[in-house]
Amino acid sequence: MIEQKIVILTGAGISAESGIDTFRASGGLWENHRIEDVATPQGFAANPALVHEFYNARRRALETAAPNPAHDALARLQNSAAHDVFIVTQNVDDLHERAGSTVHHMHGELLSVKCAACDWQWESRSDIDITARCPACQTRASVRPDIVWFGEMPYGMEKIEGRLAACDLFVSIGTSGAVYPAAGFVQMAKAFGARTLEINLDPSEGSAFFDETRRGKAGRLVPDWVDEILS
Ligand code: APR
């Protein structure tokens with residue numbers, strides 16, 4: 001079997017069967033919160049307590065969530081070493097890690113916080129609020145969720161682009177293709193000659209760009225695909 005360089009992009013849909021809310025489905029996170037209030041630097045500046053509560057609730061929800069067969073299958077693929085697998089996720093949960101994968105979080109992580117004054121980052125599993133103090137520079141009220149908000153630059157774009165330029169296969173799992181730069185990865189991969197596969201419950205905004213799309217739940221389709229690619 002020839003080793004392939006595979007880049008896998010995941011979105012909220014891969015964690016849906018673990019009970020984690022997606023964003024744009026009916027009843028999703030953006031139906032109950034205004035993006036500008038809880039997912040922008042301006043929203044945090046205007047009402048940091050509201051933003052802390054939004055992320056504290058999502059962080060607490062992780063305690064009762066568990067990886068599902070889709071996360072487990074990607075970990076099996078990555079750890080098989082049969083192929084060179086780079087997983088970049090838009091998700092801020094830790095379910096890929098708990099399944100045994102190494103992933104790059106381009107939109108940050110719920111279990112990480114940072115100081116807006118000195119950029120120090122540290123792990124926090126507990127709630128944070130406006131009284132939190134940065135352990136590095138001791139500034140108070142500068143502690144924020146380590147989440148990439150709208151209008152901010154996602155983490156590691158050069159590294160991601162380098163992987164997309166070199167991959168043989170680009171797979172997108174559980175994302176609506178609504179938010180750039182992630183939504184443009186399929187076109188970048190195609191421009192460099194990669195084959196492209198989408199696994200998603202519904203048609204996404206980028207479905208037409210993919211060589212192949214598989215419609216359905218990640219918990220069933222991803223293990224089936226991993227079995228195929230490892231056989
Ligand atoms: N299996 C596969 N796909 C699923 C499942 C499932 N069980 N459940 C939902 N989906 C699909 C939906 O069809 C939808 O296309 O997952 C996608 C989720 O889309 P969004 O809710 O828009 O989430 P996502 O694409 O990850 O959002 C991207 O937007 O708000 C920002 O930063 C936030 O990272 C997020 C980014």
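The largest pocket holds about 910 Å³ of space. The search runs on a 1 Å grid over the protein atoms alone: a pocket is an open set of points with protein on both sides within 12 Å along at least five of seven lines, a cavity is a set where a 1.4 Å probe fits but cannot get out, and lining residues have an atom within 4 Å of a point. Grid points are joined across faces, edges and corners, and a volume is the space filled by probe spheres set on them. The model is predicted: local features need pLDDT of at least 70 and side-chain atom pairs count only at pLDDT 80 or more, whereas totals for chains, interfaces and linings use all residues. Residues are numbered from 1 along each chain as its sequence is written, and side-chain values use heavy atoms, without hydrogens and water.

The largest cavity has a volume of about 70 Å³, and its lining includes L9, F170, T175, E198 and F210.

I turn to the sheet. Three strands form an open, antiparallel sheet in the order β5-β4-β6, where pairing requires at least two DSSP bridges between two strands. Because β5 (121-123) and β6 (143-147) each have a single partner strand, one side of each lacks a neighbour in the sheet. Four bridges join β4 (residues 108-115) to β6, and V113 stands opposite P145 in β6. Helix α4 (residues 48-62) packs on the sheet, touching β4 and β6, and its direction makes about 140 degrees with that of β4. Contact here means heavy atoms within 4.5 Å; axes are lines fitted to C-alpha atoms, for helices over the stretch in contact, with angles from 0 to 180 degrees between N-to-C directions.

Finally, the cysteines. With a disulfide defined as two cysteine sulfur atoms within 2.5 Å, the count is zero. C134 is in no disulfide either, and its nearest cysteine sulfur, that of C115, is 3.7 Å away. C134 is buried, at 0% relative accessibility, while C118 is partly exposed at 34%; buried means under 20% relative accessible area, exposed over 50%, and partly exposed in between, with a 1.4 Å probe and protein chains only.

Definitions and conventions: Helices (H or I, at least four residues) and strands (E, at least two) are DSSP runs, numbered from the N terminus.
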